[in-house]
Amino acid sequence: MTLLYIITAALAGGIISVTLAALVAWRVQPRLIPLFVSYAVGALLAVVFLDLLPHIFETTTEYHKVAAWIMAGILGFFVLEKMVLWRHSHDHGAQFATLAEPGSPPTKSSHADHGHHHHHGAPGDVAHGNASSAWMIIIGDSFHNFTDGLVIAAAFVADVRLGILTSVAIIAHELPQELGDFMVLIHSGMSKRRALFWNMVSSLATLVGAVLAYFLLQELEAYSYIFLCLAAASMMYVAIADLIPGLHRRTSLRDSLAQFALIGLGIGSILLVHFLIGH
């Protein structure tokens, strides 16, 4: 039954995030993208501090090891991001130069526009370019989705309720990522239908990672808290290192109030699921 939950969550998460991102990408206005990011911050932090960490401390008394594994996870994700495996390259100037038309100057990074660490441009910021950039994005997204699958499996093996909450948070932070990926695929020369197809294909890496992790965790049940520590580290890293800095680039009172409200909505949605499912 646990494996069925994992497969369902992995498939549903990918389909929901990619489909919603595609629907939004057809009509999205760049100024609205940070709304997805603000909600994701609240959902991610709520799962980490209200569910993952309390559950870890309930299952083990090795508190020093827990702290060490979380620190190792954060540092590990930092290194992977530097190696362009955890996320697409932060050196987006070079990426835009690749995507731009021959002879045209590189465009500015749109980090300020959407507050997401992928630094994908808003519609119209990127001219149609060569297809190699699109494939780089698809491959990078597959690595990321594979990691999400590991996180989902670790959470469900520990507790079904925790798995559901973790899946909700992952879908929340996948939305702005998939939206950014979708736009870059389009502006690298893909049709909208082809971009949707390849985003769906890359989302299947979530299922692969989840099923693989399920069978590994069955053999290493005594060490499942380590995977939960890494799950908490990944969510903290995404929220604090990648998403929040982008939100700070929008400093107007209106934007700030909207961010506060949507972060609260993200936290509230996790609390609601927590209340409906029970402790």
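**Ground rules.** I'm working on a predicted model, where local features need pLDDT of at least 70 and side-chain atom pairs count only at pLDDT 80 or more, while totals for chains, interfaces and linings use all residues. Numbering starts from 1 along each chain as its sequence is written, and side-chain values use heavy atoms, with hydrogens and water left out.

**Overall fold.** I counted 10 helices and zero strands in the protein chain (DSSP runs numbered from the N terminus: H or I of at least four residues for helices, E of at least two for strands). Of its 279 residues, 48% count as buried (under 20% relative accessible area with a 1.4 Å probe, protein chains only). I also checked contacts (heavy atoms within 4.5 Å): among those between residues at least 6 apart in sequence, 84% join residues at least 24 apart.

**Back to α3 and α9.** I found that the axes of α3 (residues 63-82) and α9 (residues 224-247) come within 8 Å and cross at roughly 50 degrees (lines fitted to C-alpha atoms over the stretch in contact, angles from 0 to 180 degrees between N-to-C directions). On the α3 side the contact includes W69, I70 and F77, and on the α9 side Y225, L230 and M236 are among the residues. I get 13 nonpolar, two polar and three charged residues there (Ala, Val, Leu, Ile, Met, Phe, Trp, Tyr, Cys and Pro are nonpolar; Asp, Glu, Lys and Arg charged; the others, Gly among them, polar).

**Cores.** The largest nonpolar core has 48 residues, and I70, L52 and M235 are among those with the most contacts inside it (a core is a set of buried Ala, Val, Leu, Ile, Met, Phe, Trp, Tyr and Cys joined through side-chain atoms within 4.5 Å). α9 gives the largest share, 14 residues. A second, separate core of 12 residues includes A25, I138, F182 and L185.

**Two residues.** Beyond four places in sequence, I see L52 in contact with V47, L162, L228, A231, A232 and M235. V41 sits in α2 and is buried, at 2% relative accessible area. Leaving out residues up to four places away, V41 touches A239, L243, I244, L247 and I263. Its C-alpha is 8.8 Å from that of L262, 221 residues apart along the chain.

Methods. Buried means under 20% relative accessible area, exposed over 50%, partly exposed in between (1.4 Å probe, protein chains only).
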